[in-house]
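I'm going through one model and jotting down what I look up.

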Amino acid sequence: MNTQTTGMIQVVAGAVCWGTLGVLGATLNRLSFSGGEVAALRIVIAAVLLLSALRYFLPYLKQLRMRQLPFLAVQSFIGVLGMSLLYFAAVARIGSSLAVALLYTAPVWSLIFARMILGEGITRRQALLTVVAAAGVGLTMTGGGAADTAGITAGLGAGICYALYGVLGKRAMLGNPPILVFFTSICCSALVLLLLPATHTAFGKLAQQDWAAWLSAIGMSLVGTVAAFFLFVKGLEKMPAAKAAVFTVFEPFTAVLLAAVFLGERLGSLQYAGVALIIAVAVLNATGGKKKTAYRK
């Protein structure tokens, strides 16, 4: 097996791991955990896992300069904390299938914010993809009660936060290895969450639950966060970022499949068409640029 094939398998495996977040979060929703509580469990447990392996991260932490901390903190609060809170709020209201599709509007928001914040131009092709993505979002809203306005807004908000994570993170990522950015993002977000009463409430509720809740919470952190990131980064070391970005579409495919099998989520035909359009835009955006930078949550 050649290096690129190994990298492709690792990227796909990472995307599949990310795809489990929706179904695991929805499982906790059904056990009376709110979207905010689910996000808190995911991030805080992930931080504990990372801190338990602090010796591994020390060489990277020694590279960190104090002047970089503000940028890393902003990237953390928007891209990790904000995205997680909004994404799991969307999962709780509209289900993991639509939530992950709306998260994948991030490439379109990236184009808009790159134009507004960084002054980068938008090509005709990119403008057309934006229109197609907007049409996809419109189709996802045709499902009546299954697609309420608050849930759709939260899902789009998650995509916006994820896009800002990349756009604002260009300066933070400069000279910093992805593993360092991941570590600081999770730990900074966890530190903020530990100051909130809702986080302590979430862990209090978790302590009273059976093994299914614990497996879901630990799975979100270990499989859907830590393992997903490390698999993706290892794959990225073996293949171009633009090519790796294409294989991340296995994340929404996994989320939709798992939601159908384990949660019984069923979308209308127009909603599935909307999901397909959004994913198609993400793929075309990944394959159309001359240079891509991969950012992951």
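My entries follow, grouped by topic.

**Ground rules.** I'm working on a predicted model, where local features need pLDDT of at least 70, side-chain atom pairs count only at pLDDT 80 or more, and totals for chains, interfaces and linings use all residues. Residues are numbered from 1 along each chain as its sequence is written, and side-chain values use heavy atoms, with hydrogens and water left out.

**Salt bridge.** I looked for a side-chain nitrogen of Lys or Arg within 4 Å of a carboxyl oxygen of Asp or Glu. By this rule I get 1 salt bridge. K205 pairs with E37, and the closest N and O atoms are 2.9 Å apart. The pair links distant parts of the chain: K205 sits in helix α11 (residues 197–207) and E37 in helix α2 (residues 35–52), 168 residues apart. My helices are DSSP runs (H or I, at least four residues), numbered from the N terminus. Is E37 buried or exposed? E37 is buried, because its relative accessible area is 9%, and buried means under 20%, exposed over 50%, partly exposed in between (1.4 Å probe, protein chains only).

**Core.** The largest one has 82 residues, of which L28, L41, L50, Y87, M220 and F230 touch the most other members. I followed up M220: setting aside residues up to four places away in sequence, M220 touches L21, L24, G25, L28, V38, L41, R42, F88 and T225. Contact here is heavy atoms within 4.5 Å.

**Helix α12.** W214 belongs to helix α12 (residues 211–236). W214 counts as partly exposed because its relative accessible area is 36%. Together with I218, L222 and V223, W214 makes a nonpolar surface patch of about 320 Å². For such a patch, residues need over 30% relative accessible area and no salt bridge, with nonpolar side chains (Val, Leu, Ile, Met, Phe, Trp, Tyr) joined within 5 Å; areas are Shrake-Rupley with a 1.4 Å probe.

**Helices α5 and α14.** How many of the residues of α5 (residues 96–103) are buried? I count 8 of 8. For α14 (residues 250–262) I tested the length: its 13 residues should span 18 Å at 1.5 Å a residue, and the end C-alpha atoms are 18 Å apart, so the two agree. The expected span is 1.5 Å times one less than the number of residues. Buried residues in α14 are E251, P252, T254, A255, V256, L258 and A259. After α14 comes G264, with a positive phi near 70°.

**Loop check.** S32 lies in the loop between α1 (3–29) and α2. Phi of S32 is positive, near 80°, in a residue other than glycine.

**Chain ends.** Q4 is in helix α1. Q4 and E237 are 233 residues apart in sequence, yet their C-alpha atoms are 9.2 Å apart. Leaving out residues up to four places away, Q4 touches K238, M239, P240 and K243. V283, in helix α15 (residues 269–288), is in contact with V246 and V249 once neighbours within four places are left aside. V283 is partly exposed, at 23% relative accessibility.

Key. Patches are made of residues with over 30% relative accessible area and no salt bridge: like charges are joined within 9 Å, nonpolar side chains (Val, Leu, Ile, Met, Phe, Trp, Tyr) within 5 Å. Helices (H or I, at least four residues) and strands (E, at least two) are DSSP runs, numbered from the N terminus. A nonpolar core is a set of buried Ala, Val, Leu, Ile, Met, Phe, Trp, Tyr and Cys residues joined through side-chain atoms within 4.5 Å.
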